[in-house]
Amino acid sequence: MTIYFILAACLIAGCAAELLLFKFIPKKIAKIISAVLYTANAGSITYLASIRLNTGYDYHAYMIIMNYLSGNTIEELATEGHEKGYVLLNLFSEFFTRHPQSVMFVVAILIIVLVSITLYKMSPYPSMGLMLFYFFGYYFNSLNFMRNFIAAVIVMCAFAYIRKGSFIRYTSLVLLAATFHFSALIMLVFYPVLKIKFNLVTLAVYGFISTLIVIWCTDIMNYITTYIYPVYNPVDSPHMYKGIPVAYPIFLGIVFIVVFIYRKHFGDNWKTILVCAAYFSFFFEFLGSRHSILGRFTMYFGIIVACVAIPMLYKYIVTKIKSSIETKTPLRLYIGHFFSLGALTSAAAGFFIYAVLNNYNGVVPYDVIWSLFK
């Protein structure tokens with residue numbers, strides 16, 4: 001558990017350097033130092049993910065898959081039942097070693113490299129985005145649902161093409177994501193949904209439909225596990241029918257409320273997409289409190305909210321606060337900005353602390369492969 005708090009401190013330091021360092025040293029040097037810290041932090045979380053041992057509920061499941069696929073030819077793998085993108089990734093990992101741990105190494109690099117590059121392109125504060133990626137539990141998810149998470153990260157990259165209105169490129173990336181986890185195909189349905197203007201009327205309609213889905217959640221779950229994903233039926237996977245703690249959707253609900261309040265300040269290309277994503281990340285996490293497997297859909301929407309939307313909000317809110325102070329605006333007229341920052345900070349810190357203390361997805365205790373050689 002200690003290692004997670006040490007890494008959290010390093011990520012906070014990287015974020016602080018990104019936000020404050022330029023005030024004390026030349027801007028060019030500050031950017032270089034921030035870039036070095038960003039790279040070092042990304043490398044650290046990659047390293048910790050790749051050398052873990054028995055960490056995460058799905059650790060042994062992926063070891064079994066790796067052993068099962070190991071040594072097969074491409075022709076043999078072509079008839080294998082797992083998603084072909086992940087099968088090829090396993091095949092690639094064998095270039096390093098036949099040991100099952102190699103897949104942890106390859107997956108960790110793929111995930112963090114994709115996240116890091118995407119944040120540099122899309123987030124106003126990449127180090128803050130990386131920190132929030134960690135604090136909102138997505139890093140912990142990457143240690144478990146590896147196929148699902150690779151798909152979610154590819155979908156995160158695809159969000160840029162919703163903003164640009166490029167359906168073909170968006171679809172291409174979603175189909176690529178589906179080669180790692182078939183559930184990514186649901187994002188084809190959400191392309192037009194994420195472009196719908198989000199206002200109070202939209203919220204009311206979505207709220208009504210969401211309520212109906214929650215009421216019939218168990219029936220929907222039974223249908224899915226009977227006809228679509230029978231491997232997750234209640235007999236073979238009873239844990240999937242248990243809900244996650246309600247604290248997690250509460251934290252994401254706080255984020256959605258703040259994002260919704262500031263929805264007009266994201267810019268025309270982003271505001272609809274990010275507000276919708278914030279809503280659906282909360283909605284699917286809430287469904288996860290009924291049946292945990294449904295919470296996995298949160299990743300398709302939540303990563304971009306944590307890593308891009310919140311840094312955008314921070315930049316806007318801090319700018320408004322500075323402007324209000326400089327113009328000597330009465331405190332009562334902008335105190336809401338402080339509450340919003342406090343709410344987002346509390347949601348991130350609360351999610352992380354609650355997750356670590358409650359062994360989120362089996363990531364506690366953390367152990368490393370080197371312990372095998374003692």
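**Exercise 1. A buried pair**

Task: In this predicted model, are Glu83 and Arg147 buried or exposed? What do their side chains form, and which parts of the chain does the pair link?

Solution. 
- Step 1. Look at the covering. Glu83 is buried, and Arg147 is buried as well.
- Step 2. Look at the side chains. Those of Glu83 and Arg147 meet in a salt bridge, at 2.6 Å from N to O.
- Step 3. Glu83 sits in the loop between helix H4 (74-78) and helix H5 (84-93), while Arg147 belongs to helix H9 (residues 146-163). The two are 64 residues apart, and the pair links distant parts of the chain.
- Step 4. Side chains of opposite charge can pair when their charged atoms come close.

**Exercise 2. Asp58 and its partner**

Task: How many salt bridges does a search of the whole structure find? Which residue meets Asp58 in a salt bridge?

Solution. 
- Step 1. Count. The search of the whole structure gives two salt bridges.
- Step 2. Find the partner. The side chain of Asp58 meets that of Arg296, at 4.0 Å from N to O.
- Step 3. Check the covering. Both Asp58 and Arg296 are buried.

**Exercise 3. H3 against H6**

Task: Are H3 and H6 roughly parallel or roughly perpendicular to each other? Which residues meet?

Solution. 
- Step 1. Know what to look for. Two packed helices are described by the angle between their axes and the distance between the axes.
- Step 2. Read both values. H3 and helix H6 (residues 101-122) pack at about 110°, and their axes are 9 Å apart.
- Step 3. Classify. Angles of 65 to 115 degrees count as roughly perpendicular, so H3 and H6 are roughly perpendicular to each other.
- Step 4. List the contacts. From H3 come Tyr59, Tyr62, Met63 and Met66; they meet Gln101, Ser102, Val103 and Met104 of H6.
- Step 5. Sort them. The contact of H3 with H6 has six nonpolar residues, two polar and no charged.

**Exercise 4. H16 against H17**

Task: What is the crossing angle of H16 and H17? What kinds of residues make up their contact?

Solution. 
- Step 1. Read the geometry. The axes of H16 and helix H17 (residues 335-357) come within 10 Å and cross at roughly 150°.
- Step 2. Classify. Angles over 145 degrees count as roughly antiparallel, so H16 is roughly antiparallel to H17.
- Step 3. H16 passes H17 in a left-handed crossing.
- Step 4. Name the residues. In H16, Ile310, Leu313, Tyr314, Ile317, Val318, Lys320 and Ile321 take part; in H17 they meet His337, Phe338, Ser340, Leu341 and Leu344.
- Step 5. Sort them. The contact of H16 with H17 holds nine nonpolar residues, two polar and one charged.

**Exercise 5. H7 and Phe135**

Task: How many residues of H7 are buried? Which residues are in contact with Phe135?

Solution. 
- Step 1. Count. In helix H7 (residues 126-135), ten of the ten residues are buried.
- Step 2. Pick one. Phe135 is found in H7, and its relative accessible area is 9%.
- Step 3. List the contacts. Leaving aside neighbours within four places in sequence, Phe135 is in contact with Ala8, Ile12, Ala348, Ala349, Phe351 and Phe352.
- Step 4. Move on along the chain. Gly137 follows H7 and has a positive phi, near 80°.

Key:
Residues numbered from 1 in each chain as written. Predicted model: local features only at pLDDT ≥ 70, side-chain atom pairs only at ≥ 80, totals over all residues. Heavy atoms only, no water. Axes fitted to C-alpha atoms, helices over the stretch in contact; angles between N-to-C directions. Helix = DSSP H or I, 4+ residues; strand = E, 2+ residues; numbered from the N terminus. Parallel < 35°, antiparallel > 145°, perpendicular 65-115°, else oblique. Left-handed = near helix turned anticlockwise from the far one by under 90°. Contact = heavy atoms within 4.5 Å. Nonpolar A, V, L, I, M, F, W, Y, C, P; charged D, E, K, R; others polar. Buried < 20%, exposed > 50% of the residue type's maximum accessible area, 1.4 Å probe, protein only.
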